[in-house]
Amino acid sequence: MHRIASILLCAAALTAQSVDQRLQRLLRDILIFDAHIDTPRYVVDEGYKFSDEHPYYELDIPRMRKGKLGAVLFGVYVQPQDYPESAWAQRALDVLDAVHEEVRRNSKDMEVALTAADVERIHKSGKLAAMASLEGGHIIMDSPALLRNFHRLGIRYMTLAHFRTNNWADSMTDTARHNGIAPFGKELIREMNRIGMLLDVSHISDKAVLDAVEFSRAPVIASHSSVKAIAPIPRNMPDDIIKAVARRGGVVCINFHAGYLNEAAHDVYIKNRPARDAEIKALLEREKDNPKRWEMVRAIQKRYFDKMPKVPVKELLRHIDHVAKTAGPDHVGLGSDFDGISGMVPVGMEDVSKYPVIVRGLMEMGYSDTDIRKIMGGNLLRVLKAVEAVAKQ
Ligand SMILES: [Zn+2]
């Protein structure tokens, strides 16, 4: 009996060792590419620095290095309710400037990527590749010229609508006004295909996704969307829509927001959100000259986050696995939404230093090295290449 127990223990230790070795081997050169991280607005609003390691927020260079994060599509977003329409483009340009300026200040560690080939080259050189995206079609203010200019400044995907329906695309969290995408939106999609800008279908209504998939000549992505079959909340995607994105060759990048991964967490989040947002708004008005006001905002966010049930990282893995099983391992990726989710992260996936936890989790779920490489970033890179190929036609 004693002998059998020690043999079993020994076998377990050997397995653990080989898992570690396999993990280390993969982490040596795997491209981890996150489709959606919102840190740059903190650079503009709070003077946040990518160079320093922080005990708050979810991305900086030291933690990117720890987590082997190789490439990021940074989100440039403007909440329409926070800014008058006349200020949308200005705000977006300020946030986009922060991406370029932080890269310039940290040029030993980072480089701006404009193409898929740039991402591969920068990753091989040991630097972090920074790309930019526009979250919400309202930001281009119905102007194809603004769309083209944002592309010239490095924007590589546009989320067609954000939380609100705009003049040409229905949001999934607002009233539908266009039965999907309006004729002008179809013209914009044609222009996006022509200039090589990827379409992002996160946030838009199911019918709008189907329209985007039908009208686009290139594959589309959902840059930060989770699975409705697991957590039936409005922001998540049903299986037939996930399959439609996959049929076009696209990728669904899973959002890490604890309230999107788990319905019970979502219920608490939604119930408390109006009170939280009112508290934050009042504080920012009252303390507008206090340099510590952002720290105070984070404390409020934390207090409300603590009311939510904890969501372990294995629930995030379930969402990834579901898309891989439903649509195929070629059609799932990562779109953490870090620094866009007010600190509502899963336990074990608190910031960008934790991506290896996902690699290990996928290994333990039986995924091959080839599939893990695709899920962690290869699929997103493939779509970027396909969009560039369509633009060249
Ligand atoms: Zn979003």
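**The nonpolar core and its surroundings**

Mentor: Happy to. The largest nonpolar core has 114 residues, and Ala130, Ala212, Ile221, Val245 and Val252 are those with the most contacts inside it. Buried stands for 20 or more other C-beta atoms within 10 Å of a residue's own, exposed for 12 or fewer, and partly exposed for anything in between, with C-beta atoms placed from the backbone. Helix α15 (residues 369–392) gives the most to this core, namely 8 residues; helices (H or I, at least four residues) and strands (E, at least two) are DSSP runs, numbered from the N terminus.

Please keep in mind that this is a predicted model, in which local features need pLDDT of at least 70 and side-chain atom pairs count only at pLDDT 80 or more, while totals for chains, interfaces and linings use all residues. Residue numbers start from 1 along each chain as its sequence is written.

Now the domains. The protein chain is divided into domain 1 (29–262 + 312–392) and domain 2 (267–310), with bounds from an automatic or database domain assignment. Their C-alpha centres lie 25 Å apart. Where they meet, 10 residues of domain 1 are in contact with 9 residues of domain 2, a contact being two residues whose C-beta atoms, placed from the backbone, lie within 7 Å. The side of domain 1 that touches domain 2 has 5 nonpolar, 4 polar and 1 charged residues; here Ala, Val, Leu, Ile, Met, Phe, Trp, Tyr, Cys and Pro count as nonpolar, Asp, Glu, Lys and Arg as charged, and the others, Gly among them, as polar.

Let us go in through Ala130, one of the residues with the most contacts inside the core. Leaving aside neighbours within four places in sequence, Ala130 is in contact with Val72, Phe74, Val99, Val103, Met110, Glu111, Val112 and Ala113.

Phe74 leads us to the strands: in β2, Phe74 is the bridge partner of Ile37. Strand β1 (residues 32–37) and strand β2 (residues 69–77) pair in the parallel sense over 4 bridges, where pairing requires that DSSP finds at least two bridges between the two strands. In β1, 6 of the 6 residues are buried, so this strand is largely enclosed by the rest of the structure. Strand β5 (residues 155–159) has 5 of its 5 residues buried, so β5 is largely enclosed by the rest of the structure too. The partner of β5 is β4, joined in the parallel sense over 4 bridges, and in one of them Ala132 faces Ile155 of β5 as its bridge partner.

Helix α5 (residues 116–124) is worth a look as well. Its buried residues are Ala116, Val119 and His123. They cover an arc of only 55 degrees around the axis, which puts them on the same side of α5; that arc is taken from the directions from the helix axis to the C-beta atoms. The cover over these buried residues includes β1, β2, β4 (128–135) and α15. Just after α5, Gly126 takes a positive phi of about 90 degrees.

Another helix to follow is α7 (residues 183–195), where Ile189 lies. Ile189 is buried, with 25 other C-beta atoms within 10 Å. Beyond four places in sequence, the contacts of Ile189 are Leu199, Ala212, Phe215 and Ser216, and Ala212 is again among the residues with the most contacts inside the core.

His203, in the loop between β6 (198–200) and α8 (206–215), has a positive phi near 75 degrees although it is a residue other than glycine. His203 is buried, with 27 other C-beta atoms within 10 Å. Lys68, in the loop between α3 (61–66) and β2, is not a glycine either and has a positive phi of about 60 degrees. Lys68 is partly exposed, with 19 other C-beta atoms within 10 Å.

Technical notes. A nonpolar core is a set of buried Ala, Val, Leu, Ile, Met, Phe, Trp, Tyr and Cys residues joined through C-beta atoms within 7 Å.
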